Amino acid sequence: MREINVTQKLEKSKDFLRKLQEESGQDPGQCFQCMKCTGGCPVQFAMDYPPSQIMRMLQDGLVDEVLNSFTIWTCATCSTCTARCPRDIDIAQLMDTLRVMAFHKRRFNKAKNMRVFHTVFMDSIGSHGRLYEVGLALGLNLGTGNLLQDTDIGLPMFMKGKLSLLPHNIKGMNEIKRLYDYAKKIGE
Ligand code: SF4
Ligand code: SF4
């Protein structure tokens, strides 16, 4: 079993933990490990660490392990954990903040494909104000190098007229573009 020097870890990660608390408005130190968040999480089966364990890891200063985890990218932001937490911790908000921080630190280890999905999805919203499905599929396949992914679903959908080859912009695209550019700027 790997030994962890918690005092050392906490010392090294204190700046990150302070920033996490400031940006999310949540204090993982409040968690008393009741596991109600984990019990209600609908995607816990696909995570490498359940949400309650992420909280415990943050308390122990295991920042690298949290940022490299698959969990923060698997979280669907459904907020079930937040509604169940007896300590009123907004775990969904914490997960979201962790994702943003991991993104800025370019920590995608196990979640490389999810980063590609997030980028292509957001670019589609920024360019068209809505999801352009064919563009998303192409961008995802090119970005992940998995060129034939989902062609077995996409092709029949296209043949039945369920997918449009060309993108359609929503009304008020200028406002969306302005909002998108502004969000990008403050996120940098
Ligand atoms: S917000 Fe994320 S961590 Fe919380 S229950 Fe939903 S999927 Fe699980
Ligand atoms: S529900 Fe709240 S207190 Fe309980 S383990 Fe999860 S974060 Fe901690």
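A helix here is a DSSP run of H or I with at least four residues, and a strand is a run of E with at least two.

**Entry 1: the whole chain**

I noted at the start that this is a predicted model. With the definition above in hand, I counted eleven helices and zero strands in the chain. Reading along the sequence, I wrote the pattern down as α-α-α-α-α-α-α-α-α-α-α. I then looked up the extent of the chain, and its C-alpha atoms fill a box of roughly 60 × 35 × 30 Å along the principal axes. The chain has 188 residues, and 22% of them are buried.

**Entry 2: confidence**

I looked up the pLDDT next. The mean for the chain is 90, and 98% of the residues reach 70 or more. Which elements have the lowest and the highest mean pLDDT? Helix 10, residues 151–159, has the lowest at 84, and helix 6 has the highest at 98.

**Entry 3: domains**

I checked the domain assignment, which gives domain 1 as 6–107 and domain 2 as 111–187. The centres of the two domains, taken over C-alpha atoms, are separated by 28 Å.

**Entry 4: ligand 1**

How many residues surround ligand 1? I found 14, and the closest are Cys-41, Cys-75, Cys-78, Cys-81 and Ala-92. Helix 6 (80–84) and helix 7 (91–104) each supply at least two residues of this shell. Helix 7 gives the most, with three residues. I sorted the shell by class and got ten nonpolar, four polar and no charged residues.

**Entry 5: ligand 2**

I repeated the look-up for ligand 2. There are 15 residues around ligand 2, and those that come nearest are Cys-31, Cys-34, Cys-37, Ser-52 and Cys-85. Helix 2 (36–40) and helix 3 (51–59) are the elements that give two or more residues to the shell. By class, the shell around ligand 2 has ten nonpolar, two polar and three charged residues.

**Entry 6: the nonpolar core**

I looked for the largest nonpolar core and found one of 24 residues. Val-66, Ile-91 and Met-95 have the most contacts inside this core. Two or more residues come from each of helix 3, helix 4 (63–67), helix 5 (71–74) and helix 7. Helix 7 gives the most to the core, with six residues.

Leaving out residues up to four places away in sequence, Ile-91 touches Cys-37, Pro-51, Cys-81, Thr-82 and Cys-85. Two of these names are already in my notes on the ligands: Cys-37 is among the residues nearest ligand 2, and Cys-81 is among the closest to ligand 1.

**Entry 7: Thr-97**

I picked one residue of helix 7, Thr-97. Is Thr-97 buried or exposed? The cut-off for a buried residue is 20 or more other C-beta atoms within 10 Å. Thr-97 has 20 C-beta neighbours inside 10 Å, so it counts as buried.

What is Thr-97 in contact with, leaving aside its neighbours within four places in sequence? I found Leu-20, Glu-23 and Ser-24. I also looked up the distance from Thr-97 to Glu-133. The two are 36 residues apart in sequence and 27 Å apart in space, C-alpha to C-alpha.

Note on methods. Residues are numbered from 1 along each chain as its sequence is written. Chains are lettered from A and ligands numbered from 1 in the order in which they are written. This is a predicted model: local features need pLDDT of at least 70, side-chain atom pairs count only at pLDDT 80 or more; totals for chains, interfaces and linings use all residues. A residue is near a molecule or strand if its C-beta atom, placed from the backbone, lies within 6 Å of it. Ala, Val, Leu, Ile, Met, Phe, Trp, Tyr, Cys and Pro count as nonpolar, Asp, Glu, Lys and Arg as charged, and the others, Gly among them, as polar. Domain bounds come from an automatic or database domain assignment. A residue is buried if 20 or more other C-beta atoms lie within 10 Å of its own, exposed if 12 or fewer, and partly exposed in between; C-beta atoms are placed from the backbone. Two residues are in contact if their C-beta atoms, placed from the backbone, lie within 7 Å. pLDDT is the predictor's confidence in each residue, from 0 to 100. A nonpolar core is a set of buried Ala, Val, Leu, Ile, Met, Phe, Trp, Tyr and Cys residues joined through C-beta atoms within 7 Å.
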